[in-house]
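I opened this notebook to keep a record of what I looked up in one structure. The entries follow the order in which I worked.

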Amino acid sequence: MSGLHFAAVNAEGVVADLDLLPAAYRVLLKLRAHSEPGGRIEIDQITLAQMLNLSRAAVNAALRDLDLAQLVKKQRPGDYQLNPMLAAYLSPEDAIAAVKAMPKGQRLNSPGFVEHYRKAVTAYQDQLAEKRRRREDAKRRQNLKAVS
């Protein structure tokens with residue numbers, strides 16, 4: 001990315017309030033540095049992990065955290081999109097138009113943005129715990145059948 005680019009807002013304060021995983025901040029900064037005007041990034045997780053000297057699992061967890069925070073969305077493998085309020089644009093007019101086109105609930109300055117992230121993390125953790133319980137229950141039932 002070369003030349004002068006514009007961002008819609010100074011979002012670092014809100015992003016800091018999210019209390020993301022430490023690796024998520026590094027991944028976010030690297031993605032922003034490699035994004036096209038408008039916020040599209042083409043990069044695979046292995047390359048990202050190598051660039052940051054992180055494990056692929058750490059990058060995967062960071063990307064999941066960024067997704068839960070509505071900061072980065074995976075379009076398809078190796079293709080990501082920054083939240084329009086974090087992306088850089090070729091002109092201030094492009095930046096303003098991108099933000100105006102966003103649903104208000106996805107804007108970094110919407111009331112409850114940080115709380116929405118915290119609820120999304122809790123729901124995700126609850127979902128993982130439920131999957132673990134189901135696996136353990138299935139394993140117990142299987143063990144009981146084997147003993148009978």
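**Entry 1. Terms and source.** I take a nonpolar core to be a set of buried Ala, Val, Leu, Ile, Met, Phe, Trp, Tyr and Cys residues joined through side-chain atoms within 4.5 Å. Buried stands for under 20% relative accessible area, exposed for over 50%, and partly exposed for what lies in between, with a 1.4 Å probe and protein chains only. I note that this is a predicted model, in which local features need pLDDT of at least 70 and side-chain atom pairs count only at pLDDT 80 or more, while totals for chains, interfaces and linings use all residues. Residues are numbered from 1 along each chain as its sequence is written, and side-chain values use heavy atoms, with hydrogens and water left out.

**Entry 2. The core.** I looked up the largest nonpolar core and found that it has 38 residues. Leu 20, Leu 31, Leu 66 and Leu 71 are the residues with the most contacts inside this core. The elements that give two or more residues to it are helix 2 (22-33), helix 3 (45-52), helix 4 (56-68), strand 4 (79-82), helix 5 and helix 6. In soluble globular proteins, nonpolar side chains tend to be buried together.

I then listed the contacts of Leu 20, where contact means heavy atoms within 4.5 Å. With neighbours within four places in sequence left aside, Leu 20 is in contact with Val 15, Tyr 25, Asp 65, Leu 66, Ala 69, Leu 71 and Tyr 117.

**Entry 3. Fold and extent.** I counted elements as DSSP runs numbered from the N terminus, with helices (H or I) of at least four residues and strands (E) of at least two. The chain has 6 helices and 5 strands. Along the sequence, I read the pattern β-α-α-β-α-α-β-β-β-α-α. The radius of gyration of the chain is 19 Å, well over the 15 Å that the globule rule gives for 148 residues, so the chain is more spread out than a compact globule. Here the radius is taken over C-alpha atoms, and the globule rule is 2.2 Å times the number of residues to the power 0.38. Along the principal axes, the C-alpha atoms fill a box of roughly 70 × 35 × 25 Å.

Of the contacts in the chain with a separation of 6 or more, 66% are accounted for by residues 24 or more positions apart. Buried residues make up 36% of the 148 residues.

**Entry 4. Surface and charge.** I used accessible areas from the Shrake-Rupley method with a 1.4 Å probe; for residues, only the protein chains shown count as cover. The chain exposes about 9,300 Å², of which carbon and sulfur atoms supply 53%. For charges, Lys and Arg count as positive and Asp and Glu as negative, without His and the chain ends. The mean positions of the 23 positive and 16 negative charges are 7 Å apart; each charge is placed at NZ of Lys, CZ of Arg, CG of Asp or CD of Glu.

**Entry 5. Positive phi.** Most residues other than glycine have a negative phi, and most peptide bonds are trans. I found a phi near 55° at Asn 53, in the loop between helix 3 and helix 4. A phi near 60° occurs at Gln 70, which lies in the loop between helix 4 and strand 3 (72-76). Are these residues buried or exposed? Asn 53 counts as exposed, at 71% relative accessibility, whereas Gln 70 counts as buried, at 11%.

Entry 6. Ile 96 lies in helix 5 and is partly exposed, at 48% relative accessible area. Val 99 also lies in helix 5 but is buried, at 15%. I recorded 10.0 Å from Val 99 to Ala 87, C-alpha to C-alpha, for 12 residues in sequence. Pro 103 sits in the loop between helix 5 (92-100) and helix 6 (113-147) and is partly exposed, at 46%. In helix 6 I looked up Glu 115, which is partly exposed, at 39%.
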